[in-house]
Amino acid sequence: MKMKIQVVLLIMAALALAGCDHYKCTSGAQFDAEGCTSTGSGLSGGSPTSAVAYPFFIDTNGTIDGYTLTASTFGNTTGYTAPTIPASDIGLGMAVAQNQFLYAVFPSTQQLYGWSIDSAGNLTAITGLPVTLPLTVPTLLAYNEYAVITNPTGTLLFISNAGANNIFVFQIGTGGAVTAAPGSPFSTPGVTPMNMGMDGLGKYLYVTSEDASLDHLSTGIGAYSVSSTGVLAAVPGSPFTSNGSINYNMFEVQGEATGKYLIGSSGEVFYLTGVDDTHLYVFGIGTNGAITPVSGSPFATQFAPFNIAVQPNDQSGAFIYSFSLIDATQNPGPNPVEGYQLNPSTGALTAVAGSPFTGNDQSRASWGGFDPSGAYLFFDSEQTFVPYSVGSTGNITQLVPTGTTNAGYWAIADAQ
């Protein structure tokens with residue numbers, strides 16, 4: 001991920017959130033980045049005994065903010081003490097592992113931080129962290145990138161380093177301590193690592209390659225097998241690049257729980273390129289990790305996907321949600337969120353009944369993601385960060401009347 005000051009100014013002007021300039025870069029449950037201060041919603045925080053999830057936010061004032069979601073409330077965690085982090089740094093990303101550990105990466109200070117999460121949503125620094133990483137300072141702004149993720153079991157932590165064309169891999173040990181995987185960082189020839197995603201079984205890591213000519217676009221997908229110790233090896237045929245009618249130029253890719261499919265979006269939207277790609281792409285994952293489009297892919301959407309969220313653990317047909325921007329050259333607000341269900345036998349996508357969701361203004365969002373359980377979907381809407389429950393048919397229900405204004409990357413842990 002890289003950052004150019006003129007792009008920062010463009011996004012700051014275009015995507016204002018609740019009175020602050022909203023510029024984002026953003027796995028294992030990590031999302032978002034923006035440049036304003038987090039403020040509470042005014043709702044009471046749920047008690048630890050009734051909590052269902054704990055969202056955490058990077059606050060650019062220099063803290064990690066903690067929140068509690070219950071079945072009916074969403075607000076600041078009671079008794080929470082915010083740990084100190086580098087101020088004025090939106091970070092490279094955040095990730096939750098095993099619902100017990102929270103990690104955050106800060107490129108400006110080149111540090112990896114980590115905390116353990118207790119049953120009440122409080123954080124305690126992990127022994128040995130933070131550690132210094134030789135990150136190449138980004139030079140281009142990216143949007144909602146998954147540059148920090150974990151494998152599905154939460155035993156490995158991946159950090160993409162686009163400036164140096166490599167990926168750091170850490171083993172997550174007892175108490176959340178991290179140890180560099182043998183050979184880390186791993187070089188990615190032909191791939192400028194941007195968004196990362198894994199198959200649902202944690203066997204393969206897929207990395208979209210940044211297009212140096214224009215933000216929010218890529219030149220293909222790098223694929224790597226992942227050993228139990230975190231060693232990466234290129235999959236035969238990687239990187240996968242567009243060939244004739246097959247489009248591998250995905251901005252974002254995410255796997256689903258069965259390990260059979262990879263869902264992607266090209267990220268091509270009118271606001272940035274003057275053209276909308278109103279499709280979602282589904283690739284089948286072969287026995288050696290190679291990917292090929294499933295029959296019928298790409299699948300038509302109403303709006304051009306800017307960001308996607310894939311339900312992390314449903315093996316009977318995961319729900320996929322698409323977030324988008326209205327067609328405008330300036331100040332593009334969000335469209336209603338769209339929902340689709342994956343056919344676990346064929347990989348085909350079918351629109352969820354009621355999609356696009358137009359029940360209220362807060363069902364409009366440009367980005368979002370799931371908690372680890374897949375039961376809750378969080379929208380980063382035009383005004384607030386809002387939690388929804390996900391029904392058995394893919395319908396969504398807003399859990400609280402208002403949310404909270406966030407500031408920076410966010411990550412979700414489920415209550416234990």
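Predicted model: local features only at pLDDT ≥ 70, side-chain atom pairs only at ≥ 80, totals over all residues.
## Strands around β23

Two strands count as paired here if DSSP finds at least two bridges between them.

Strand β23 and strand β25 (residues 299-300) pair in the antiparallel sense, with two bridges between them. In that pairing, L280 sits opposite F299 of β25. Strand β22 (residues 261-265) also pairs with β23, again antiparallel, over four bridges; here I263 faces V282 of β23. Three bridges connect β23 to the antiparallel strand β24 (residues 291-293), and F283 has P293 of β24 as its bridge partner.

Strand β23 itself, covering residues 279-285, is mostly covered, with six of its seven residues buried. If you follow the chain into the hairpin of β23 and β24, you will find five residues between the strands, and G289 takes a positive phi near 95°.

## A four-stranded open sheet

Elsewhere on your screen, look for an open sheet of four strands, arranged in the order β17-β18-β19-β20 with antiparallel pairing. Its edges are β17 (193-198) and β20 (232-234), each of which pairs on one side only. On average, neighbouring strands in this sheet are turned by 35° against each other, ignoring direction.

Inside the sheet, strand β18 (residues 204-210) and strand β19 (residues 218-226) run antiparallel and are joined by six bridges. A handy place to check this pairing is E210, which stands opposite S218 in β19.

## Aromatic pairs

When ring centres within 6.5 Å are taken as a pair, the model has 17 aromatic pairs. One of them brings together F306 and W367: their ring centres are 5.4 Å apart and their planes meet at 50°, so this pair is tilted. F306 belongs to the loop between β25 and β26 (307-310), while W367 is in strand β30 (residues 365-370), so the pair ties together parts that are 61 residues apart in sequence. Both F306 and W367 are buried.

Now turn to F378 and F385. Their ring centres are 5.4 Å apart and their planes lie at 15°, so this pair is stacked. Residues count as buried when their relative accessible area is under 20%. F378 is therefore buried, as its relative accessible area is 0%, and F385 also counts as buried, at 0% relative accessibility.

Key:
Residues numbered from 1 in each chain as written. Heavy atoms only, no water. Axes fitted to C-alpha atoms, helices over the stretch in contact; angles between N-to-C directions. Buried < 20%, exposed > 50% of the residue type's maximum accessible area, 1.4 Å probe, protein only. Phe/Tyr/Trp six-rings, centres within 6.5 Å; stacked < 30°, edge-to-face > 60°.
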